[in-house]
Amino acid sequence: MTEYQHITADSAVHRDGTIKLHGPDGFAGMRKAGALAASILDELTTRVVPCVTTGELDDFVRGMMLDGGAVPATLGYRGYTHSCCTSINHVVCHGIPADKRLKDGDIVNIDVTPLLDGWHGDTSRMYFAGDPPLKAKKLVEVTHECLMIGIAQVRDGARLGDIGAAIQKHAEQHRYGVVRDFCGHGLGRLFHDAPEVVHAARAGTGPELKAGMFMTIEPMINLGRAHVKLLNDGWTAVTRDKSLSAQFEHSIGITEDGVEIFTKSAKGLDKPPY
């Protein structure tokens with residue numbers, strides 16, 4: 001049976017399998033953290049260009065977080081030593097920033113999570129370096145559609161499986177593969193918490209969605225098959241068939257009458273081209 005826990009400003013929070021239900025203070029904290037995260041991704045739209053290194057992008061992300069009064073939640077997380085993830089072309093997620101330079105035609109996902117006043121604003125967005133092939137642009141477009149279709153299922157009283165079922169249906173209509181190895185998650189004062197938000201599921205299954213829940217929805221969609229493998233660095237996940245992969249992510253909160261997207265771009269820069 002699914003257990004829910006109502007969280008107040010002075011509640012101690014632990015990853016204990018319960019789904020946390022937040023009040024107005026939680027929504028206020030997530031709005032601030034989400035707005036900072038979205039503004040960082042907005043600023044990256046002019047910086048993701050051919051010849052820039054992913055390490056330079058990581059330095060910029062870290063600087064914006066610190067300037068905004070936050071710290072990078074990924075820095076030091078389970079031994080990770082960078083402030084964002086940069087996943088290029090066939091990298092599904094958790095690509096590590098380095099001295100690698102982007103090439104004309106690359107697509108790249110950048111995933112950021114500022115920790116601001118105790119709240120995590122987790123979001124990612126796709127970028128084009130130069131002019132990618134048409135098949136890459138189409139994959140990115142459909143992946144963003146998958147994200148928004150998934151979010152459209154979220155409401156008080158729905159089921160968690162409704163999200164994954166809608167995403168899977170849309171992606172597979174285009175003959176794309178939906179990654180099963182990674183999923184969205186609950187968040188708030190914890191970076192990763194219950195529930196796991198899978199992106200391929202059966203409608204009407206899973207825990208009931210309730211007002212006050214915070215979670216990420218972050219579908220990873222492959223141009224080819226859904227299978228992935230982990231590289232020897234212990235972080236970087238790539239498609240087994242070396243096909244392109246794309247991902248978008250928002251942090252959301254369930255309200256009494258719908259859903260609030262905490263990480264939506266205030267400038268309307270939620271998907272490329274920018």
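Me: Buried means under 20% relative accessible area. In this predicted model, why is Phe 262 called buried?

Reply: The relative accessible area of Phe 262 is 5%. The cut-off is under 20%, so Phe 262 counts as buried.

Me: What makes Phe 27 buried?

Reply: Phe 27 has a relative accessible area of 10%. That value also falls under 20%, so the term buried applies.

Me: How many aromatic pairs does a search of the whole structure find, and why is the pair of Phe 27 and Phe 262 called edge-to-face?

Reply: The search finds 7 aromatic pairs. In the pair of Phe 27 and Phe 262, the ring centres are 5.8 Å apart and the planes stand at 65°. Rings pair if their centres lie within 6.5 Å, and planes over 60 degrees apart count as edge-to-face.

Me: What makes Tyr 80 and Trp 235 an edge-to-face pair?

Reply: Their ring centres are 5.0 Å apart, and the angle between the planes is 70°. With the distance limit at 6.5 Å and the edge-to-face limit at over 60 degrees, the label follows. Tyr 80 sits in the loop between β3 (71-72) and β4 (84-88), whereas Trp 235 sits in the loop between β15 (228-230) and β16 (237-239). The two residues are 155 apart, and their pair links distant parts of the chain.

Me: Why is Tyr 80 called buried, and why is Trp 235 called partly exposed?

Reply: Tyr 80 has a relative accessible area of 4%, so it is buried. Trp 235 has 22%. Partly exposed covers values between the buried limit of 20% and the exposed limit of 50%, so Trp 235 is placed in that class.

Me: How do you know that Lys 210 lies over the face of Tyr 4?

Reply: Lys 210 is at 4.1 Å from the ring centre of Tyr 4. The distance limit for a charge over a ring is 6 Å, with a second limit of 35 degrees from the ring normal. Lys 210 is listed as lying over the face of the ring.

Me: What makes Leu 57 buried, and which residues is Leu 57 in contact with?

Reply: Leu 57, in helix α2 (residues 54-67), has a relative accessible area of 2%, so it is buried. Leaving aside neighbours within four places in sequence, its contacts are Leu 44, Arg 47, Val 48, Val 52, Leu 102 and Ile 110.

Me: Why is Leu 115 called partly exposed?

Reply: Leu 115 is found in strand β7 (residues 114-116) and has 26% relative accessibility. That lies between 20% and 50%, so Leu 115 is partly exposed. Residues up to four places away in sequence not counted, Leu 115 touches Ala 70, Val 71, Ala 73 and His 120.

Me: Why is strand β12 (residues 193-197) described as largely enclosed by the rest of the structure?

Reply: Of its 5 residues, 4 are buried, so the description holds.

Me: What makes β11 and β12 paired strands?

Reply: Strand β11 (residues 184-186) and β12 share 3 bridges in the antiparallel sense. Pairing needs at least two bridges, so the two strands count as paired. Gly 184 has Val 197 in β12 as its bridge partner. The two strands form a hairpin with 6 residues between them, and Gly 188 in the turn has a positive phi of about 155°.

Me: Why are β4 and β9 called edge strands?

Reply: The open sheet has 3 strands in the order β4-β6-β9, with antiparallel pairing. β4 and β9 (123-128) each pair on one side only. From one strand to the next, the twist averages 20°. Helix α1 packs on this sheet, touching β6 and β9, and its direction makes about 10° with that of β9.

Technical notes:
Residues are numbered from 1 along each chain as its sequence is written. This is a predicted model: local features need pLDDT of at least 70, side-chain atom pairs count only at pLDDT 80 or more; totals for chains, interfaces and linings use all residues. Side-chain values use heavy atoms; hydrogens and water are left out. Buried means under 20% relative accessible area, exposed over 50%, partly exposed in between (1.4 Å probe, protein chains only). Rings of Phe, Tyr and Trp (its six-membered ring) pair if their centres lie within 6.5 Å; planes under 30 degrees apart count as stacked, over 60 as edge-to-face and the rest as tilted. Contact means heavy atoms within 4.5 Å. Axes are lines fitted to C-alpha atoms, for helices over the stretch in contact, and angles run from 0 to 180 degrees between N-to-C directions.
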